[in-house]
Amino acid sequence: MQTDPATRPLLQPSAVETLQMQSIAVRMGLQPRISMSVPSYHMPDPETIQQLVQAKQRRTCAGYAAEGAIKGAALGTCWGLFEGTYLGSKAGIKGLNLVGHTAKCLGVNIVGFATCVSLYSSTYCACEKSRGIEDWTNAAIAGSVAGGVMAIPMALKTGNSRLVLLLGAVASGMSATAYSLKVEV
């Protein structure tokens, strides 16, 4: 017996896959349809898709910047803990001095990563809204701005102003490449 692919439920997913599908569906604004206790998700009608697009367009760049700062702070926390303990242990620092060293690395990395990701996210959003297109060029522009701004303190410390251009170009290339390789979930 043939069934319409649009109405056919998905194969029996595992518990983890079910939770992942539910999470993705909720973020997309889809309503689950329960069939034999296995949820299946189908594309919403065009009106719902239009509402989702309008909701994305209403989101401000400040919201993207705040979200980027939170993500960057989380990443900075992980890197700061690793860097502080690893480099401190390698340098022979022990006890409370190692805790202090790790705390300093933690603070520096949280602020640095939060600033960089927030700057990237807000610049990407501004480019997307001003150009009206979502493509790799926005990622390249945002990467060059974030990389260049984050390189300014190092350039001032070393006296090498070309470092700003170099790191901006590297970040731009990496951002454009990452955008090109982006896979939608």
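A residue is taken as buried when its relative accessible area is under 20%. By this criterion Ser118, at 17% relative accessibility, counts as buried in the predicted model. Ser118 belongs to helix α4, and beyond its neighbours within four places in sequence it is in contact with Ala65, Gly68 and Ala69.

Helix α4 comprises residues 96-131. Directly following α4, Gly132 adopts a positive phi of about 75°. The buried set of α4 consists of Leu98, Thr102, Cys105, Asn109, Ala114, Ser118, Ser121, Thr123, Tyr124, Cys125 and Cys127. Helices α3, α5 and α6 are among the elements that cover these residues.

Asn109, also a residue of α4, has a relative accessible area of 10% and is therefore buried, given the cut-off of 20%. When neighbours within four places in sequence are set aside, the contacts of Asn109 are Gly76, Trp79, Gly80, Glu83 and Ala114.

A search of the whole structure returned one disulfide. The bond joins Cys61 and Cys125, with the sulfur atoms 2.2 Å apart.

The contact between α4 and α5 was examined next. Helix α5 spans residues 136-158, and its axis comes within 8 Å of that of α4, with a crossing angle of roughly 145°. The crossing is right-handed. On the α4 side the contact is formed by Gly112, Thr115, Cys116, Leu119, Tyr120, Thr123, Tyr124, Cys127, Glu128 and Arg131. These meet Thr137, Asn138, Ala139, Ile141, Ala142, Gly143, Val145, Ala146, Val149 and Met150 of α5. Classified by residue type, the contact contains twelve nonpolar, six polar and two charged residues. Thr123, Tyr124 and Cys127, which take part in this contact, are also among the buried residues of α4.

Helix α6 covers residues 162-180. Its 19 residues reach 27 Å from the first C-alpha to the last, close to the 27 Å expected at 1.5 Å a residue. Buried positions in α6 are Leu163, Gly168, Ala171, Ser172, Ser175 and Ala176. An α-helix has 3.6 residues a turn, so residues three or four places apart point the same way. The buried residues of α6 pack against α4 and α5.

Technical notes: Residues are numbered from 1 along each chain as its sequence is written. This is a predicted model: local features need pLDDT of at least 70, side-chain atom pairs count only at pLDDT 80 or more; totals for chains, interfaces and linings use all residues. Side-chain values use heavy atoms; hydrogens and water are left out. Axes are lines fitted to C-alpha atoms, for helices over the stretch in contact, and angles run from 0 to 180 degrees between N-to-C directions. Helices (H or I, at least four residues) and strands (E, at least two) are DSSP runs, numbered from the N terminus. A crossing is left-handed if the near helix is turned anticlockwise from the far one by less than a right angle, and right-handed if clockwise. Contact means heavy atoms within 4.5 Å. Ala, Val, Leu, Ile, Met, Phe, Trp, Tyr, Cys and Pro count as nonpolar, Asp, Glu, Lys and Arg as charged, and the others, Gly among them, as polar. The expected span of a helix is 1.5 Å times one less than its number of residues. Buried means under 20% relative accessible area, exposed over 50%, partly exposed in between (1.4 Å probe, protein chains only). A disulfide is a pair of cysteine sulfur atoms within 2.5 Å.
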